[in-house]
Amino acid sequence: MKVVSSRLYISIPVLFAIILGYCAHNTPLAADNKPLDPNTVYFKGSAATIFENPLTLTGRLRKPEGNGPFPAVVLLHGCGGVSPKRDDRVMEKLASLGYVALQVDSFGPRGISSVCTYTGSDAVDILRKRVTDAYDAKRHLASLPFVDRSRIGVIGWSHGGMTTLQALHKEKEDPFRAAVAFYPACKMPLTNMNAPLLILIGDADDWTPASQCVARMPKEKASPEVILKVYPGAYHGFDIVGANRNVRGARGMHHLQYQPEAAKDSIIQVKDFLEKYMR
């Protein structure tokens with residue numbers, strides 16, 4: 001008996017056409033008939049994709065009432081992506097204080113949901129790309145007519161906080177005006193920064209220990225200024241409203257817990273710090 005093969009061969013161009021056609025008919029807008037978020041923005045990134053083309057980044061932008069020009073802040077989420085109970089709240093607060101806020105999504109455009117367990121070269125690679133994203137977001141803000149391009153800062157949480165520290169170590173002719181890092185992993189000396197820095201962290205943090213940041217603080221008064229505030233009894237994610245859970249990281253489980261007192265004070269610290277350096 002003769003056996004006939006049933007294999008199907010598809011050329012690369014045809015395959016891409018099928019994929020693109022599928023994506024076009026399976027977007028959330030088409031499937032759910034939901035309107036797009038009016039605050040969503042798209043801007044060109046510098047970090048190359050697997051096809052060696054620039055990545056189109058997405059974010060959410062809020063601005064104060066009026067024409068500006070306003071100071072602006074880039075917001076960098078943690079290892080699990082944007083946290084609405086923290087990131088959205090801060091974005092709204094910044095807009096109410098007179099800042100344009102751009103909340104950058106570094107994961108969605110890359111098809112990533114979390115990098116909390118990344119190690120080795122994967123961890124190094126995503127951190128490098130996120131530093132590039134931060135400066136791409138800064139460049140996008142600087143192109144907007146209602147933004148004062150000379151007054152653009154950055155705020156990051158956890159992995160985004162570590163990204164913020166790396167961004168301040170990067171040699172840039174046009175650095176950020178000021179930076180805030182919430183509970184970052186302080187893996188490098190906090191010296192030779194290219195912008196003033198405020199670090200806010202809890203002494204009960206078992207994921208990014210405050211002791212690392214204390215040990216890496218400048219021995220003498222630094223210029224630009226570096227400020228470290230440690231909250232007694234506060235855990236990782238102390239400003240995520242309602243948080244009280246464990247999250248798996250690269251080296252095991254870590255506790256996240258909301259602490260209202262620390263969260264409230266952190267907003268005051270950020271407000272005063274940004275007013276000092278960006279007003």
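This is a short tour of the model you have open, stop by stop, with what to select at each one.

**Before you click**

You're looking at a predicted model, where local features need pLDDT of at least 70 and side-chain atom pairs count only at pLDDT 80 or more, while totals for chains, interfaces and linings use all residues. Residues are numbered from 1 along each chain as its sequence is written, and side-chain values use heavy atoms, with hydrogens and water left out.

**The whole chain**

Start in cartoon view. The chain has 7 helices and 10 strands (DSSP runs numbered from the N terminus: helices are H or I with at least four residues, strands are E with at least two). Colour by burial next: of the 279 residues, 46% count as buried (buried is under 20% relative accessible area, exposed over 50%, partly exposed in between, with a 1.4 Å probe and protein chains only). Among contacts between residues at least 6 apart in sequence, 69% join residues at least 24 apart (a contact means heavy atoms within 4.5 Å).

**The largest pocket**

Now select Met-162, Ala-185, Lys-187, Trp-207 and Arg-251, which lie nearest the centre of the largest pocket; its lining has 25 residues. The space in there comes to about 590 Å³. Some terms for this stop and the next: on a 1 Å grid over the protein atoms alone, a pocket is an open set of points with protein on both sides within 12 Å along at least five of seven lines, a cavity is a set of points where a 1.4 Å probe fits but cannot get out, and lining residues have an atom within 4 Å of a point. Grid points are joined across faces, edges and corners, and the volume is the space filled by probe spheres set on the points.

H4 has the largest share, 5 residues. By class, the pocket lining divides into 13 nonpolar, 10 polar and 2 charged (Ala, Val, Leu, Ile, Met, Phe, Trp, Tyr, Cys and Pro are nonpolar; Asp, Glu, Lys and Arg are charged; the others, Gly among them, are polar).

**Two cavities**

The count is 2 cavities of 30 Å³ or more. The largest cavity has a volume of about 70 Å³. To find it, select residues from its lining, among them Val-90, Leu-94, Trp-157, Phe-182 and Ile-267. Helix H3 (84–96), strand E5 (147–157) and helix H7 (260–278) each give at least two lining residues, and H7 gives the most, with 4. The lining here has 9 nonpolar, no polar and 2 charged residues.

For the second largest cavity, at about 40 Å³, pick lining residues including Leu-165, Gln-166, His-169 and Met-193. Keep Met-162, Ala-185 and Lys-187 on screen: they are among the residues lining this cavity, and they were also among those nearest the centre of the largest pocket.

**A hairpin**

Strand E9 (residues 244–249) runs antiparallel to strand E10 (residues 252–257), and 6 bridges join them (strands pair if DSSP finds at least two bridges between them). The hairpin between E9 and E10 goes through 2 residues. Zoom in on Val-247, which stands opposite His-254 in E10.

Go to Gly-68 and Pro-69, joined by a cis peptide bond with omega about 5°; Pro-69 sits in the loop between strand E2 (54–62) and strand E3 (70–76). Then try Ser-223 to Pro-224, also a cis bond, with omega near 5°. Pro-224 is in the loop between helix H6 (210–215) and strand E8 (226–231).

Next, the loop between strand E6 (179–182) and strand E7 (197–202), where you'll find Tyr-183. Its phi is near 30°, a positive value in a residue other than glycine. Tyr-183 is buried, with a relative accessible area of 0%. Asn-192 is in the loop between E6 and E7 as well, with a positive phi near 55°, but Asn-192 is exposed at 73% relative accessible area.

**Last stop: Gln-103**

Select Gln-103 in strand E4 (residues 100–105). At 5% relative accessibility, Gln-103 counts as buried. Show its side chain together with that of Asp-88: a polar contact of 2.8 Å joins the two (a pair of N or O atoms within 3.5 Å; within protein, one must be able to donate a hydrogen and the other to accept it, and residues adjacent in sequence count only if both atoms are side-chain atoms). Leaving aside neighbours within four places in sequence, Gln-103 also has contacts that include Thr-58, Arg-60, Leu-75 and Met-91.
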